[in-house]
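Good morning, colleagues. Please take a moment with the sequence and the coordinates before I turn to charged side chains and to one helix.

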Amino acid sequence: MNKQPEDWLDDVPDNHEEEDEEIIWVSKSEIKRDAEELKRLGAELVDLGKNSLDKIPLDDDLRAAIELAQKIKKEGRRRQLQLIGKMLRSRDEEPIRLALDKLKNRHNQQVALFHKLEALRDRLVEQGDEAMSEVLNLYPDADRQQLRSMIRNAQKEKAANKPPKASRQIFQYLRELAEA
């Protein structure tokens, strides 16, 4: 039997089920972008301190690779970051990202609180008793006499161009009030 050139299609099995599945093509560029993003995530993890790293859900291998990267410098560090990025590809990165975002947010909130307290301290030193009512409204537990004494000392130091020891004491006192 002599087959025509188009008859070879008759020998190919019909798989209509496979046609229903949608094939998702991922470009090489997108794969590279994802890999770079995971390397950046790894670099953020390497930049964290030990206490912060304890709060992030990491398995033992990944944790060891991160701790090693923290000790390495220059080219070795770059290669270790690539390894960490590769390790992250095979893991669920979402819990790690969530924990990292939570850690950053808490840090950002603390920085914002410190800026607010610094501004309040500066107003206290500049305005004296006029700004005292704001502090007493915010923190009813504040000791008015102690605060007045610290404000007077800070104003004297500022007038004499001395180091701002009393201003630091005011900030410390405000921080204690805010944490309480």
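R175 is partly exposed, with a relative accessible area of 25%; here buried means under 20% relative accessible area, exposed over 50%, and partly exposed in between, with a 1.4 Å probe and protein chains only. The side chains of R175 and E179 meet in a salt bridge, 3.5 Å from N to O, where a salt bridge is a side-chain nitrogen of Lys or Arg within 4 Å of a carboxyl oxygen of Asp or Glu. Both residues lie in helix α9 (residues 165-179), four residues apart, about one turn of the helix. Helices are DSSP runs of H or I with at least four residues, numbered from the N terminus.

As to provenance, this is a predicted model, in which local features need pLDDT of at least 70 and side-chain atom pairs count only at pLDDT 80 or more, whereas totals for chains, interfaces and linings use all residues. Residues are numbered from 1 along each chain as its sequence is written, and side-chain values use heavy atoms, with hydrogens and water left out.

The structure holds 15 salt bridges. Side chains of opposite charge can pair when their charged atoms come close. Among the pairs, R78 and E75 are joined at 2.4 Å, N to O; they are three residues apart in helix α5 (residues 74-89), about one helical turn. R78 is partly exposed at 40% relative accessibility, and E75 is partly exposed at 44%.

In helix α2 (residues 28-47), E36 and K39 are three residues apart, and their closest N and O atoms are 3.2 Å apart in a salt bridge. E36 has a relative accessible area of 38%, K39 one of 22%. A network of salt bridges links E37, R40, E93 and R97.

I now turn to helix α4. Which residues of α4 are buried? They are L62, R63, A65, I66 and A69. At the start of α4, a side-chain oxygen of D59 reaches to within 3.2 Å of the backbone nitrogen of D61.

Note on methods. Helices (H or I, at least four residues) and strands (E, at least two) are DSSP runs, numbered from the N terminus. A polar contact is a pair of N or O atoms within 3.5 Å; within protein, one must be able to donate a hydrogen and the other to accept it, and residues adjacent in sequence count only if both atoms are side-chain atoms.
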